[in-house]
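Here is a short report for a first look at this structure. Keep the sequence and the 3D view at hand while reading.

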Amino acid sequence: MQITRFSTNENGESQFSEIDLPIDYKREDIEGNVVLLSQAFNSPRVRFVELPEGYDQGWHNAPRRQFVILLSGVVEVRTSDNQVRQWGAGDVVLADDVSGKGHQTRAINGSVRMVYVPLPADFSLENWSTMDTPE
């Protein structure tokens, strides 16, 4: 599964990159259906969030490393290298620019509902994608 990550580079600028989120662990259910899973991790506190119509937040950093899962609406993010991207329902983003110049966020054409899934302090994206089995 491809997701977009925005993170801080060595110059303190925020930037987008695409990462492959492995969903390749196979588990068979009692009816013989094969379900594909990612590796599991514990999140310290999941939150449901609604950005109101007209929401337009200036430069800021992600408050913590977190997956953002869009439920409804369209959110737009501008990085400090002046790239702009939009995501809608079903998209997943990794907000990972907890330092540096940060990014801007806007709700486009109405309110936006999403879920924040913070990562544990010791979370390593590289190690997570190579773990043996999910929980």
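Glutamate 50 and arginine 113 join their side chains in a salt bridge, with N and O 3.1 Å apart. A salt bridge here is a side-chain nitrogen of Lys or Arg within 4 Å of a carboxyl oxygen of Asp or Glu. Glutamate 50 sits in strand β5 and arginine 113 in strand β10, so the pair ties together parts that are 63 residues apart in sequence. Strands (E, at least two residues) are DSSP runs, numbered from the N terminus.

Glutamate 50 is partly exposed, at a relative accessible area of 45%. Arginine 113 is partly exposed too, at 47%. Buried means under 20% relative accessible area, exposed means over 50%, and partly exposed lies in between (1.4 Å probe, protein chains only).

## About the model

This is a predicted model: local features need pLDDT of at least 70, side-chain atom pairs count only at pLDDT 80 or more, and totals for chains, interfaces and linings use all residues. Residues are numbered from 1 along each chain as its sequence is written, and side-chain values use heavy atoms, with hydrogens and water left out.

How many salt bridges does the count come to? It comes to six. Side chains of opposite charge can pair when their charged atoms come close.

One of the salt bridges joins glutamate 18 to arginine 85, with the closest N and O atoms 2.3 Å apart. This pair links distant parts of the chain: glutamate 18 is in strand β2, arginine 85 is in strand β8 (residues 84-87), and 67 residues separate them. Glutamate 18 is partly exposed at 43% relative accessibility. Arginine 85 is partly exposed at 26%.

Aspartate 96 and arginine 65 form another, at 2.7 Å from N to O. Aspartate 96 belongs to strand β9, while arginine 65 is in the loop between β6 (56-60) and β7, 31 residues apart. Aspartate 96 is buried, with a relative accessible area of 8%, whereas arginine 65 is partly exposed at 23%. A network of salt bridges links Arg5, Arg65 and Asp96.

## The β1-β2 hairpin

Strands β1 and β2 (residues 14-20) run antiparallel and are joined by seven bridges. Two strands pair if DSSP finds at least two bridges between them. The two strands form a hairpin with five residues between them. In its turn, glycine 12 has a positive phi of about 85 degrees. Threonine 4 has glutamate 18 in β2 as its bridge partner.

Serine 7 lies in β1 (residues 2-8). Is serine 7 buried or exposed? Serine 7 is buried, with a relative accessible area of 10%. Beyond its neighbours within four places in sequence, serine 7 is in contact (heavy atoms within 4.5 Å) with Glu13, Ser14, Gln15, Asp96 and Asp97.

## Two nonpolar cores

A nonpolar core is a set of buried Ala, Val, Leu, Ile, Met, Phe, Trp, Tyr and Cys residues joined through side-chain atoms within 4.5 Å. The largest has 15 residues. Those with the most contacts inside it are Phe6, Leu51, Leu70, Val75, Trp87, Val112 and Met114. Strands β5 (47-51), β7 (66-79), β9 (92-96) and β10 (103-118) each supply at least two residues of this core. β7 gives the most, with four residues.

A second, separate core has 12 residues, including Ile19, Phe67, Leu94 and Phe123.
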